[in-house]
Amino acid sequence: MSTSRLQEIERRRDHLLARLRALVGGPLMRGSIVERTRRCGKANCRCATDAKARHGGLYLSVHLDGATEAVHLRPSDVEAVRDAVGRYERLWETLTELTRCELSELRRAAGERRRGRARRA
């Protein structure tokens with residue numbers, strides 16, 4: 001029974017490591033894409049008096065070195081940034097799953113050691 005559990009853990013680990021290798025093959029970026037609205041500053045523009053008429057834009061928001069930065073995204077950059085952020089999120093999820101896998105292996109090995117000691121006693 002323990003051997004099949006070990007094989008299951010090893011199979012899962014191999015699968016996760018393959019996914020990890022695939023993810024790091026492209027751009028990765030931590031952060032969130034957020035939409036902000038703003039007034040343009042022109043007195044005769046509708047945005048000066050109507051909050052619903054404010055101008056929108058997409059930004060990448062990321063916290064680095066103790067400060068949050070927001071970078072305006074051009075429409076032509078949005079898809080690439082979304083892909084990089086999504087890749088980062090999948091990378092993080094994969095690392096979390098890999099950690100679960102390694103913890104399972106530690107627990108399995110500890111259980112085997114306990115059973116071995118109990119048999120010797």
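**Charges and their labels**

Modeller: In this predicted model, Arg113, Arg114, Arg115, Arg117 and Arg119 make up a positive surface patch.

Colleague: Why is arginine 117 called partly exposed?

Modeller: Its relative accessibility is 46%. Buried requires under 20% and exposed over 50%, so a value in between is called partly exposed. Arginine 117 belongs to helix α2 (residues 75–120).

Colleague: What makes glutamate 102 and arginine 13 a salt bridge?

Modeller: Their closest N and O atoms are 2.8 Å apart, and the cut-off is within 4 Å, so the pair qualifies. The two residues are 89 apart in the chain, with glutamate 102 in helix α2 and arginine 13 in helix α1.

Colleague: Why is arginine 13 called buried?

Modeller: The relative accessible area of arginine 13 is 19%, and buried means under 20%, so the label follows. Glutamate 102, at 33%, is partly exposed.

Colleague: How do you know that aspartate 50 and arginine 46 form a salt bridge?

Modeller: The closest N and O atoms of this pair are 3.3 Å apart; the limit is 4 Å, so the pair counts. Arginine 46 has a relative accessible area of 59% and is therefore exposed, while aspartate 50, at 26%, is partly exposed.

Key: Residues numbered from 1 in each chain as written. Predicted model: local features only at pLDDT ≥ 70, side-chain atom pairs only at ≥ 80, totals over all residues. Heavy atoms only, no water. Patch = residues over 30% accessible without salt bridge, like charges linked within 9 Å, V, L, I, M, F, W, Y side chains within 5 Å. Areas by Shrake-Rupley, 256 points an atom, 1.4 Å probe, with all protein chains shown as cover. Salt bridge = Lys/Arg side-chain N within 4 Å of Asp/Glu carboxyl O. Lys, Arg positive; Asp, Glu negative; His and termini not counted. Charge placed at Lys NZ, Arg CZ, Asp CG, Glu CD. Helix = DSSP H or I, 4+ residues; strand = E, 2+ residues; numbered from the N terminus. Buried < 20%, exposed > 50% of the residue type's maximum accessible area, 1.4 Å probe, protein only.
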